[in-house]
Amino acid sequence: MTNPNNISLNISHALEFIDGHALNIPTLQILSDQGDVLDGATAPDIDKETALRIYSTMRFIRLLDERMQGAQRQGRISFYMQCLGEEAAVTASAAALKEDDMIMAQYREQAAIHYRGFSLEQFMNQLFSNEKDLGKGRQMPVHYGSKELHYLTISSPLGTQIPQATGYAYGQKLKHIDKETGELTSEIDNVTICYFGEGAASEGDFHAGLNMAAVHGSPVIFYARNNGYAISTPADEQFKGDGIAARGVGYGIKTIRVDGADALAVYAATQAARKIAVENGEPVMIESIAYRLGAHSTSDDPSGYRTKDEEAEFKNSCPVNRFKQWLLKQGWLDEAQDDAEKEKIREDILAALKVAEKVQKPALEDLVSDVYDTPIPSLQKQYDELKAHIKAYPDAYPVTAGRIK
């Protein structure tokens, strides 16, 4: 029987509606809050080196976030966003990829780029928008990017990376498709992982990106970080369905929900998702469930929309400590050495901060370079007007005024 409507051919003679919560999606959990493998759960195959790299990344990001949140409050940088409470969700998923898989992040995934090798100095140069910043000071703080590390530069508007990830991943697949038959001729080398929050899943780009990926079979891992709040809007005011995972199923995409505070569960789920993507040439969705322990950003005050009691409830499920306890029980981590390394990291972060904030800002002409071989007339006109404005009001632009030629 032909099926032009592309539906399940299940004929019923009874008038019956499907309930909006008929699909009961489980959440994969492997570790208890105390770092024990739960009964019935199976820990993924992970070696000591990878496990310690995951932990050291989470530990570093926790300390970096702590210091740079304070730096913003001191007026030393203009803006900051913490990964607090979602370190395992980001780090362990990045660890499950190949080093040259593409990462398209939203803005709370600094752990992923650090896992790849983004240095402390590179973080500081970007946060202070100085002349050593890879982005030449054109982006807000925390909008990292690195061509070398296969980490697409972050864009502020929500959800723009989702259809981009679909298209990029389709390009990764095209290299392995027979032009005549349209079939895969070999296993796909690389995938793209696309991170976004549950708030971004309300954007139209989310739906366009998922549908295109499903229809065309893009090997992309859609990684939805459901942390409970889109800035100040709680999840129950954003949607009525069963989280974001149900939408993946609705688009015909293999989907899993995972405890985002459980590094082993995240690692196992992302490993399996990558395997599906490269072997089948199709998208996969992972919904990570974790609690955003900090504010949305330094521009936000969560006390206006949630209680201290709610925050305290989730602090007991700290992803960093949870994984640390598992490492200690494996005999892979020494408590005293860990404490000493944390103090050293704090010292290094403060020292790097003091160096980066003294580095000169990028030259003004960097604003109009790189896009065109030579600035087009309209861009040159804007640049000339900007220079004239700064020269007219040098006191308002003390850093830039003295460097204009």
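Me: Let's start with the strands. In which sense do β5 and β9 pair, parallel or antiparallel?
Reply: Parallel, over six bridges. Strand β5 covers residues 220–226. Bear in mind that this is a predicted model.

Me: Which residue in β9 is the bridge partner of Arg225?
Reply: Ser288.

Me: What does β8 do with β9?
Reply: Strand β8 (residues 254–259) runs parallel to β9, and six bridges join them. Thr255 stands opposite Met285 of β9.

Me: Is β9 mostly covered or mostly open?
Reply: Mostly covered. Five of the six residues in β9 (residues 284–289) are buried.

Me: New topic: the largest nonpolar core. Which residues touch the most other members?
Reply: Leu64, Met68, Met124, Tyr144 and Phe323. That core has 73 residues. Helix α1 (residues 48–73) gives the largest share, 10 residues.

Me: What does Met68 touch, leaving out residues up to four places away in sequence?
Reply: Ile77, Tyr80, Met124, Leu127, Phe128 and Leu353.

Me: What other core lies apart from the largest one?
Reply: One of 20 residues. Met102, Phe206, Leu210 and Ile244 are among them. In soluble globular proteins, nonpolar side chains tend to be buried together.

Me: And which residues form a nonpolar patch on the surface?
Reply: Met1, Ile7 and Leu9 do, with about 400 Å² of accessible area together. Met1 sits in the segment before β1.

Me: Why does Met1 count as exposed?
Reply: Because its relative accessibility is 90%, and exposed means over 50%.

Me: On to charges. How many salt bridges are there in the whole structure?
Reply: A search finds 31. In one of them, Glu99 and Arg53 meet at 3.0 Å, N to O. Glu99 is in the loop between α2 and β2, Arg53 is in helix α1, and they are 46 residues apart.

Me: What about Arg346, which residue is its salt-bridge partner?
Reply: Glu66, with the closest N and O atoms 3.6 Å apart. Arg346 belongs to helix α11 and Glu66 to helix α1, 280 residues apart. Arg346 is partly exposed, at 32% relative accessible area. Glu66 is partly exposed too, at 47%.

Me: Asp338 and Lys324: buried or exposed?
Reply: Both are buried. Their side chains meet in a salt bridge of 3.2 Å, N to O. Asp338 lies in helix α11 and Lys324 in helix α10, so the pair ties together parts 14 residues apart in sequence.

Me: Which residues are linked with them in a network of salt bridges?
Reply: Arg59, Glu335, Asp339, Glu341 and Lys342.

Terms used: Residues are numbered from 1 along each chain as its sequence is written. This is a predicted model: local features need pLDDT of at least 70, side-chain atom pairs count only at pLDDT 80 or more; totals for chains, interfaces and linings use all residues. Side-chain values use heavy atoms; hydrogens and water are left out. A nonpolar core is a set of buried Ala, Val, Leu, Ile, Met, Phe, Trp, Tyr and Cys residues joined through side-chain atoms within 4.5 Å. Buried means under 20% relative accessible area, exposed over 50%, partly exposed in between (1.4 Å probe, protein chains only). Helices (H or I, at least four residues) and strands (E, at least two) are DSSP runs, numbered from the N terminus. Contact means heavy atoms within 4.5 Å. Patches are made of residues with over 30% relative accessible area and no salt bridge: like charges are joined within 9 Å, nonpolar side chains (Val, Leu, Ile, Met, Phe, Trp, Tyr) within 5 Å. Accessible areas come from the Shrake-Rupley method with a 1.4 Å probe; for residues, only the protein chains shown count as cover. A salt bridge is a side-chain nitrogen of Lys or Arg within 4 Å of a carboxyl oxygen of Asp or Glu. Two strands pair if DSSP finds at least two bridges between them.
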